[in-house]
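Subject: Structure handover

Hello,

I am passing on the structure we spoke about, followed by notes on what was found in it. Please look through it before reading further.

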Amino acid sequence: VADSRLKSRSAKTILESCELTRIYCESLPFGLKSRYEPINGKYEIHTIAKDEDWIKAGYQEKTRASYDPATGKINICLENFGLSSGGSGSEDRMRSLSGQMIRHYTGAMMPQVYDRNLTDWFKEGFANLINCAVYEKSFFDYKEVIEEAKDLLLGKSRSGAKPLFKKEIEMPHVSDLLITSTNGVADEEARRRFLGHSLIVMTYLVYMDEEGKANGLRDGLRYMADFQKNLPERITAATQEELDQKVAELKKKQQEMGDDATQKIFRGRPWIEVEADIAKQWKLHGLKLVFPGAKEE
């Protein structure tokens, strides 16, 4: 749904990015699938040509896109991507537009139980990881995803983005990272570092842990999905006191489930062992990670 006639190249970029992301996410052993119902039989992507119209519509100035977590609807501003009112632009601009679609659509594919219980380290880290695929000529290439993730962190990627880190990266404890939400990170630089840290952990889990099989992540997410399936559709109670008690018990079970899923994802290892393994694996790819309290090898 657009406020102007989109050039065929721009429309194709948007549609291919979403379709290829959907196919890839559904092929993963993590249970990713679209969690939104179509609106009038369609999944809507709204485009607005001019920044001034974007602001009038209630969106923040100079932001490129907005994603509604309640409906999965995506809104994009062409001018803020450096595109014309019809969506035409250079190859780099098209890749940037494609990247935004990949990130948003990955979020739309993520079941709420993952989003709710693993906070943003998974949601943001995985979305950025998927975006490290090379998108060109109607296909995704994930063979070089580790190198692309490294280049993105150091500002050497295809997009030429501002570097998040220098070659030596100071990491938070993984346990601290898992409970952080970007909603609680006000400073823009701190937020970018958080995205980078979560990308580092997610790349390790998916592409470097257990030779790319990501068995821990698969088992943890499957455990969460099974928990969700067994939840009652509604809670019935004779009194308000009984209802409050049942709700409290359910919240406690959800918290325990989240803790158990995290243990499964990291295969029950102590955090110090997890951090040492992450640092070891990334060192093989040219990045030096320093966790708090870590000793030099």
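**Overall picture**

The protein chain contains 10 helices and 7 strands. Please keep in mind that this is a predicted model. Along the principal axes, the C-alpha atoms occupy a box of roughly 60 × 55 × 35 Å. A compact globule of 297 residues would have a radius of gyration near 19 Å, and the 20 Å of the protein chain therefore agrees with that.

Of the 297 residues, 42% count as buried. The protein chain exposes about 16,200 Å², with 49% of that area supplied by carbon and sulfur atoms. As for contacts between residues at least 6 apart in sequence, 71% of them join residues at least 24 apart.

**Helix H5**

Most of my notes concern helix H5, which spans residues 145-154. How many of its 10 residues are buried? The count is 7, so the helix is mostly covered, buried here being under 20% relative accessible area. The buried residues are Val 145, Ile 146, Glu 148, Ala 149, Lys 150, Leu 153 and Leu 154. Three helices pack against these buried residues: H4 (112-130), H7 (188-208) and H10 (271-283). After H5 comes Gly 155, which has a positive phi, near 75°.

**H5 against H7**

Two packed helices are described by the angle between their axes and the distance between the axes. For H5 and H7, the axes come within 11 Å and cross at roughly 170°. Angles over 145 degrees count as roughly antiparallel, and H5 and H7 are therefore roughly antiparallel to each other. On the H5 side, the contact is made by Val 145, Ile 146, Ala 149, Leu 152 and Leu 153. H7 contributes Gly 196, Leu 199, Ile 200, Thr 203, Tyr 207 and Met 208. Sorted by class, the contact of H5 with H7 holds 9 nonpolar residues, 2 polar residues and no charged ones.

**Pro 38**

Is Pro 38 buried, exposed or partly exposed? Its relative accessibility is 37%, so Pro 38 counts as partly exposed. Between the C-alpha atoms of Pro 38 and Ala 238 there are 37 Å, and the two residues are 200 residues apart along the chain.

Regards

Technical notes: Residues numbered from 1 in each chain as written. Predicted model: local features only at pLDDT ≥ 70, side-chain atom pairs only at ≥ 80, totals over all residues. Heavy atoms only, no water. Buried < 20%, exposed > 50% of the residue type's maximum accessible area, 1.4 Å probe, protein only. Helix = DSSP H or I, 4+ residues; strand = E, 2+ residues; numbered from the N terminus. Contact = heavy atoms within 4.5 Å. Axes fitted to C-alpha atoms, helices over the stretch in contact; angles between N-to-C directions. Parallel < 35°, antiparallel > 145°, perpendicular 65-115°, else oblique. Nonpolar A, V, L, I, M, F, W, Y, C, P; charged D, E, K, R; others polar. Rg over C-alpha atoms; globule rule 2.2 N^0.38 Å. Areas by Shrake-Rupley, 256 points an atom, 1.4 Å probe, with all protein chains shown as cover.
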